[in-house]
Amino acid sequence: MFVDQRQQFDWSLLQNGQVFRYDNGFELDSACVRLGDLGYLVHRIDGSRWTSADDMHTAFAAAMSFPSYYGRNLDALSDVLSDVAAYSYGSDPVTTGTVLAIAGYDTLVQIDRRTARLVLDCFARQARLAGLYAHPMLCLVESSGTDLGPVGGLDVYRGSVWDVAPDPPDPFGDTDIVEFMIQIYLSDAGAAEYVAALRPVLADFLADVGRWQILGVSSASESTAQARAQFRGEPPPAGTRLMEVFIGVRGAGDFTVLGDGLVHAIHRPDMRFEQMASQVFRGGSEARDEALSRYSELRDFGT
């Protein structure tokens with residue numbers, strides 16, 4: 001049981017403390033989703049528009065249902081958090097635990113750095129009390145600051161990150177050329193078979209993108225082949241050598257989405273490849289003109 005628990009996301013945090021910071025909103029939201037999936041009650045607050053510490057107290061009171069007599073100062077905050085720890089309000093014993101997640105925490109840091117640190121210190125101390133009730137409590141803040149601690153006797157470390165933010169959009173247009181290079185171990189006879197199998201896959205996948213052209217199959221350089229073999233840690237399949245297939249695409253879409261989609265499209269038992277690389281030659285550049293000289297089928301009529 002303990003081996004399984006140690007592999008869970010919450011344990012990756014709780015074994016190192018109760019207060020953690022995240023560099024950006026995506027990481028904070030990802031952690032909230034992970035903890036929510038594990039049954040935690042997550043109170044998510046956005047502090048980016050706070051103009052005073054009083055705004056913070058208002059947000060905390062609303063999110064965690066503090067009683068009307070809440071004193072709206074740090075001593076009162078410590079008192080009510082002890083009640084949260086004891087399941088009086090702002091928490092629920094049928095859940096796995098309680099999470100206070102604060103986006104835009106640097107706003108409070110800029111308003112009142114001392115208060116920003118003491119708030120986290122209050123939480124850390126009462127979260128230890130919660131441990132006596134078998135009540136895991138975590139405070140996660142979105143902050144670029146690396147000097148928020150110590151709180152509750154521990155530094156505020158960067159929290160565990162199990163998800164990676166998606167790449168930003170990278171659109172390309174008809175004046176650009178997108179090139180993919182696929183490395184694969186093939187025999188001389190297998191090269192022609194691979195291209196023949198690749199064509200219908202590309203025709204289907206790129207139908208809504210634009211025109212495309214396969215340059216054919218060529219042997220990788222000796223240095224590239226040696227580096228790949230070293231990375232594999234084993235010799236290439238018998239009777240094969242490392243070859244490269246270049247594909248040019250001209251149309252419109254998103255470079256990142258196109259690359260991810262192509263990987264999935266050709267990731268099949270009969271088309272296993274070693275790796276794929278890609279690049280965009282932007283319209284108006286010498287590199288694009290050179291690429292277009294190689295991909296003759298992608299030229300405009302008369303050029």
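Modeller: This is a predicted model. Helix 8, residues 188-205, lies across strand 7 (177-186), strand 8 and strand 9.

Biologist: At what angle does helix 8 run to strand 8?

Modeller: Helix 8 runs at about 165 degrees to strand 8.

Biologist: And the sheet, what is the strand order?

Modeller: The order is 8-9-7-11, in an open sheet of four strands with antiparallel pairing. Strand 8 (210-219) and strand 11 (275-281) are at the edges; each has a single partner strand, so one side of each has no neighbour in the sheet. From one strand to the next, the twist averages 20 degrees.

Biologist: How many bridges join strand 8 to strand 9?

Modeller: Nine, and the two strands run antiparallel, with strand 9 covering residues 241-251. I214 stands opposite I247 in strand 9.

Biologist: Back to the helices. How do helix 8 and helix 10 cross?

Modeller: Their axes come within 11 Å and cross at roughly 130 degrees, helix 10 being residues 255-266. That angle makes helix 8 oblique to helix 10. The crossing is right-handed.

Biologist: Which residues make the contact?

Modeller: From helix 8, Y194, L198, V201, L202 and F205. From helix 10, L258, G261, L262, A265 and I266.

Biologist: What classes of residue are those?

Modeller: The contact of helix 8 with helix 10 has nine nonpolar residues and one polar, with no charged ones.

Conventions. Residues are numbered from 1 along each chain as its sequence is written. This is a predicted model: local features need pLDDT of at least 70, side-chain atom pairs count only at pLDDT 80 or more; totals for chains, interfaces and linings use all residues. Side-chain values use heavy atoms; hydrogens and water are left out. Two strands pair if DSSP finds at least two bridges between them. Axes are lines fitted to C-alpha atoms, for helices over the stretch in contact, and angles run from 0 to 180 degrees between N-to-C directions. Contact means heavy atoms within 4.5 Å. Angles under 35 degrees count as roughly parallel, over 145 as roughly antiparallel, 65 to 115 as roughly perpendicular and the rest as oblique. A crossing is left-handed if the near helix is turned anticlockwise from the far one by less than a right angle, and right-handed if clockwise. Ala, Val, Leu, Ile, Met, Phe, Trp, Tyr, Cys and Pro count as nonpolar, Asp, Glu, Lys and Arg as charged, and the others, Gly among them, as polar.
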